[in-house]
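Thanks, everyone; I would like to take a few minutes to walk through one model with you. Please have a look at the sequence and the structure before I go on.

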Amino acid sequence: MNFNVKEYIKTNTEAAPLAVFRIFFGIMMLLSIIRFWSYGWIDKLYIKPRFFFSYYGFEFIKPIGEYTYLIFILCGLSAICVTIGYTYRIAIIMFFLSFTYIELMDKTTYLNHYYFISVLSFLMIFLPANAYFSVDAKKRGVSFQHIPRWAIDTIKLLLAIVYFYAGLAKLNSDWLIEAMPLKIWLPSKYDIPFLGDIMHQEWVHYTFSYTGAIYDLTIPFLLLYKRTRIFAFVLVVVFHVLTRVLFPIGMFPYIMIISTLIFFDANLHHKILKFISGIFKINKNFFDTKQVLSFIPKRHKIVMSILSMFFVIQLLLPFRYLLYPGELFWTEEGFRFSWRVMLMEKAGYANFKIVDSETGNRFYIDNDDFLTPFQQKQMATQPDFILEYAHYLKQHFENKGHQNVQVFVESYVALNGRLSSQYIDPELDLGKQKESFKHKHWVIPFKDEIKGF
């Protein structure tokens with residue numbers, strides 16, 4: 001069977017799945033913002049710290065003091081507008097910008113699912129998610145019950161990439177042969193009802209490791225195939241609920257459960273929309289017009305070009321680690337933004353020393369004076385954090401009147417249960433090293449080998 005791209009692009013489908021996805025996405029994002037605020041994390045993570053770790057190239061993005069709350073308010077309001085489909089295009093753009101700004105304010109808080117939300121919300125900018133069952137459709141007096149098929153399939157493709165790449169990343173010797181880091185994490189869950197008593201047993205660690213890899217690698221295909229879709233969705237629910245019970249990863253499991261509904265036929269989504277209509281007294285018949293949304297040819301060409309480039313980046317970016325020498329889990333060069341989920345347990349410490357290069361006078365830094373405990377934990381095991389902090393210390397003490405400032409660090413890191421070993425060259429003045437995308441030669445090579453992707 002030949003696949004004709006031009007014919008596929010012309011194919012239409014029901015808009016209901018995209019409308020349901022928009023509604024649930026907006027609700028989940030609003031709940032995430034409320035949860036983040038209610039736990040006091042805005043103050044703890046973005047107001048109280050005196051220093052923030054920046055992403056390379058985005059150093060200008062910082063918290064703005066008490067006004068940081070306004071960014072979260074804007075993000076929350078945008079999520080509401082996305083949910084109901086009111087001024088959708090503006091709302092999803094504002095959500096993408098505000099959420100991504102929040103994500104970029106401090107690299108310390110990086111999580112794969114934050115990156116996923118940024119990427120997904122960017123994708124949604126180019127999708128007609130307000131064509132059907134939205135305030136926008138009601139206001140303009142026209143509802144489009146059918147939309148281009150690619151508008152829904154792009155979301156399916158993104159979800160498939162996230163799952164499959166996460167599965168590929170698990171095909172490494174630490175995960176499959178050593179059952180690491182689950183062998184470290186699971187025994188600490190002894191107090192969990194029903195499962196706690198077996199969390200220390202080695203066969204459980206290997207079972208979780210192998211089933212996790214198999215699940216990630218196969219679930220996109222099981223969801224795509226109609227005969228296995230219900231079974232696959234049950235697996236999604238069980239997997240993510242269990243993940244939520246075992247690990248404190250916030251709203252992400254629920255977001256993934258809701259997102260996989262996009263794989264189901266339109267009949268299910270019409271039932272969901274009918275249920276919502278009954279609760280909020282919405283006349284669903286107004287939206288069921290059988291009309292087909294057609295893009296203006298020039299606009300359609302632009303959107304297709306942007307989406308093509310978007311997915312090329314998503315497919316290639318996770319493999320950029322191949323451009324760097326050394327062990328990925330050790331140097332973490334090319335580790336972020338690659339759907340490598342929960343693959344490492346790293347612990348370490350970093351003791352910084354300030355030296356006057358002329359007199360030889362020196363003193364050591366108490367990291368508590370500059371960083372929160374959470375920032376210290378992240379900094380001690382990641383080279384780019386260590387370098388940025390060293391530059392901050394150099395500038396800080398130069399501003400205090402110190403002369404000829406050099407910054408050295410004594411650091412040790414343990415990876416996935418191995419004995420700790422020296423991490424950064426202790427004889428190198430970090431103050432003279434510049435951040436870039438180049439390999440950080442001053443990271444001491446890993447003394448072991450982790451085979452796999």
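Let me begin with Lys-353, whose bridge partner in β4 is Tyr-364. Keep in mind, as I go, that this is a predicted model. Strand β3, which runs over residues 346-356, pairs with β4 in the antiparallel sense, and three bridges join the two. They belong to an open sheet of four antiparallel strands, whose order is β4-β3-β5-β6. The edges are taken by β4 (362-364) and β6 (421-422), each of which has a single partner strand, so that one side of each is left without a neighbour in the sheet. Helix α18, residues 383-399, packs on this sheet, where it touches β3, β4 and β5 (405-415), and its direction makes about 30 degrees with that of β3.

Now let me turn to another helix, α15, which covers residues 297-316 and, with its 20 residues, reaches 29 Å from the first C-alpha to the last, close to the 28 Å expected at 1.5 Å a residue. Which residues of α15 are buried? They are His-300, Val-303, Met-304, Leu-307, Phe-310, Phe-311 and Gln-314. Looking down the axis of α15, we find these buried residues within an arc of 130 degrees, so they line one face of the helix. That set of buried residues packs against three helices, namely α1 (5-9), α6 (112-124) and α8 (150-169). On the other side of α15, by contrast, Lys-298, Lys-301, Met-309 and Leu-316 are exposed.

Definitions and conventions:
Residues are numbered from 1 along each chain as its sequence is written. This is a predicted model: local features need pLDDT of at least 70, side-chain atom pairs count only at pLDDT 80 or more; totals for chains, interfaces and linings use all residues. Side-chain values use heavy atoms; hydrogens and water are left out. The expected span of a helix is 1.5 Å times one less than its number of residues. Buried means under 20% relative accessible area, exposed over 50%, partly exposed in between (1.4 Å probe, protein chains only). The arc is that of the directions from the helix axis to the C-beta atoms. Contact means heavy atoms within 4.5 Å. Two strands pair if DSSP finds at least two bridges between them. Axes are lines fitted to C-alpha atoms, for helices over the stretch in contact, and angles run from 0 to 180 degrees between N-to-C directions.
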